[in-house]
Amino acid sequence: MATTTVRSRANTRRELSAWAMSAPALLLMTLFLIIPILLTFALSFTNARLVSPNPTEFAGLTNFIRAFTADPTFVRSLINTALFAIVVVPVQSGIALALAILVNQKVKGVTAFRTMIFMPVVTSMVVVSILWSFFYQEDGLFNSVFNTLTGGAWTAIPWLQTPGTAMPAIIVLSIWQAVGLHMIIWLSGLQMIDPSLYEAADLDGVSAWQKFRYVTWPGLRSTMVFILVTITIAALGLFIQIDVMTQGGPKDTTSTIVYHAVRKGFREQDVGYGAAISLIFFALVLVITAIQRYLTRDKD
């Protein structure tokens, strides 16, 4: 009986110690994650505004109906976000995989090459966006390069001010900035594959494509799932590049769901409607992630 009491007290002390050490993280999570989510959910069903003489009233599904029926900018933002994700997810993951296979080779200078590819990842996206804004100007770097390559026949384009080129310009920037991170993740997956499998494949005389298809790709399955989910979530949350470079223009061709929610909720002070857009975004990410997880699940 005495032994049981001592063990019970020891377990209680361990539990109290665990809660005490977890308290700071739990407090921060509550303040900056749980409470904002609950407030967003509550405000999305109201007509709340930051500065308004009228009291906040329950509005039901009015904000959600407004988003899909009375706000063409929201619909355009939804389409822009979807197109951005559809292009960026396969292209960025494919380029990252190709680079990972390249830098996985044991050749001289590969470490420096790997470092150069990864450098944009550790650079602030705000800084990168400002820098590329100068590159995309009518007298910027890209037009100068194309003009030189075409012998002066190139007509300069204001890339970020032209509706047909603004979103592609954002896509190129986004892929360039983040491809190094996913290259490293692919590389870690490649280095987890048993080298004996490649040795066996060499003994069987298989081609490079067969080696990739039957050895490399199956060994990267879990890495592939992780990369697809993370790239998709990041693509759907596109904001900084838009806020710094185009502010949703020209003619809403680069407006995204997150940017539209921030613009409505804070800049136009329509908090209730901004919260509703944020809730729609949350549901969208949740559904797409669940679908991806289902399609890439183990079928054994």
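Residues were classed as nonpolar (Ala, Val, Leu, Ile, Met, Phe, Trp, Tyr, Cys and Pro), as charged (Asp, Glu, Lys and Arg) or as polar (the others, Gly among them). The model is predicted, and local features need pLDDT of at least 70 while side-chain atom pairs count only at pLDDT 80 or more, although totals for chains, interfaces and linings use all residues. Numbering runs from 1 along each chain as its sequence is written, and side-chain values use heavy atoms, with hydrogens and water left out.

A pocket is an open set of points, on a 1 Å grid over the protein atoms alone, where a 1.4 Å probe fits, with protein on both sides within 12 Å along at least five of seven lines, and its lining residues have an atom within 4 Å of a point. Grid points are joined across faces, edges and corners, and a volume is the space filled by probe spheres set on the points.

The largest pocket has a volume of about 620 Å³. It is lined by 21 residues, of which Pro36, Thr40, Gly274, Ala275 and Ser278 are the closest to its centre. Two or more lining residues come from each of helices H1 (2-43), H12 (257-267) and H13 (271-295), where helices are DSSP runs (H or I, at least four residues) numbered from the N terminus. H13 gives the largest share, seven residues, and the lining comprises 17 nonpolar, four polar and no charged residues.

The second largest pocket holds about 430 Å³ of space, and among its 14 lining residues Asn104, Gln105, Leu190, Tyr198 and Thr216 lie nearest its centre. Helices H8 (195-204) and H9 (208-219) each supply at least two residues of this lining, the largest share, four residues, coming from H9. By class, the lining of the second largest pocket divides into seven nonpolar, four polar and three charged residues.
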